[in-house]
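Dear colleague,

Please find below the structure that I am handing over to you. My notes on it follow directly after.

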Amino acid sequence: MNISTSQVQNVLKIYGRQFKANQVQPKNEANAPVQADQVTISSDSRVKQKAVAAAKAAPEVREEKVNELRQAIATGTYTVSNEEVAEKIIYRSLVDKLV
């Protein structure tokens, strides 16, 4: 099979027309309106922001709880069940593996 030069030229012309038709034409930037970027915060994000702000505002140490526990330990009335200790150990171990 022989392919002539005119056949190749015809194929290139067709390809060139299709390529030009598929190209995105650049907009005239001088006439295009400029829009400012906008940020929209969802209601869930607002709730999270408030929760984080409340956590940051809260004291790191709850003095009344610490004093209550100190007094219970000093008087010997502070008790923790074995089940609670085991549960916390297992829970912490699972969380550490997942995170």
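The notes below go from the overall fold and its confidence to the individual helices, a surface patch and a salt bridge.

Please bear in mind that this is a predicted model. The mean pLDDT of the protein is 84, and 84% of its residues reach 70 or more. Confidence is lowest in helix H1 (residues 5-22), where the mean is 76, and highest in H3, where it is 94.

The secondary structure consists of 4 helices and 0 strands, which gives the pattern α-α-α-α along the sequence. Of the 99 residues, 1% count as buried. The protein exposes about 10,300 Å², and carbon and sulfur atoms supply 55% of that area.

Helix H3 has 13 residues and reaches 18 Å from its first C-alpha to its last, close to the 18 Å expected at 1.5 Å a residue. Just after H3, Gly 76 takes a positive phi of about 80°. Helix H4 has 17 residues and reaches 25 Å between its first and last C-alpha, close to the expected 24 Å. The number of buried residues in H4 is 0, so this helix lies largely in the open.

H3 and H4 also come together in the description of the surface. Leu 69, Ile 73, Tyr 78, Val 80, Val 85 and Ile 89 form a nonpolar patch there, with about 530 Å² of accessible area together. The elements that give two or more residues to this patch are helix H3 (63-75) and helix H4 (82-98). Val 80, by contrast, lies in the loop between H3 and H4.

How many salt bridges does a search of the whole structure find? The search finds 1. In this salt bridge Asp 96 pairs with Arg 92, and the closest N and O atoms are 2.9 Å apart. Why are these two residues separated by about one helical turn? Asp 96 and Arg 92 are 4 residues apart in helix H4, which accounts for that separation. In general, an α-helix has 3.6 residues a turn, so residues three or four places apart point the same way. Side chains of opposite charge can pair when their charged atoms come close. Asp 96 is partly exposed, with a relative accessible area of 48%, and Arg 92 is likewise partly exposed, at 45%.

With kind regards

Key:
Residues are numbered from 1 along each chain as its sequence is written. Side-chain values use heavy atoms; hydrogens and water are left out. Patches are made of residues with over 30% relative accessible area and no salt bridge: like charges are joined within 9 Å, nonpolar side chains (Val, Leu, Ile, Met, Phe, Trp, Tyr) within 5 Å. Accessible areas come from the Shrake-Rupley method with a 1.4 Å probe; for residues, only the protein chains shown count as cover. A salt bridge is a side-chain nitrogen of Lys or Arg within 4 Å of a carboxyl oxygen of Asp or Glu. Buried means under 20% relative accessible area, exposed over 50%, partly exposed in between (1.4 Å probe, protein chains only). pLDDT is the predictor's confidence in each residue, from 0 to 100. The expected span of a helix is 1.5 Å times one less than its number of residues.
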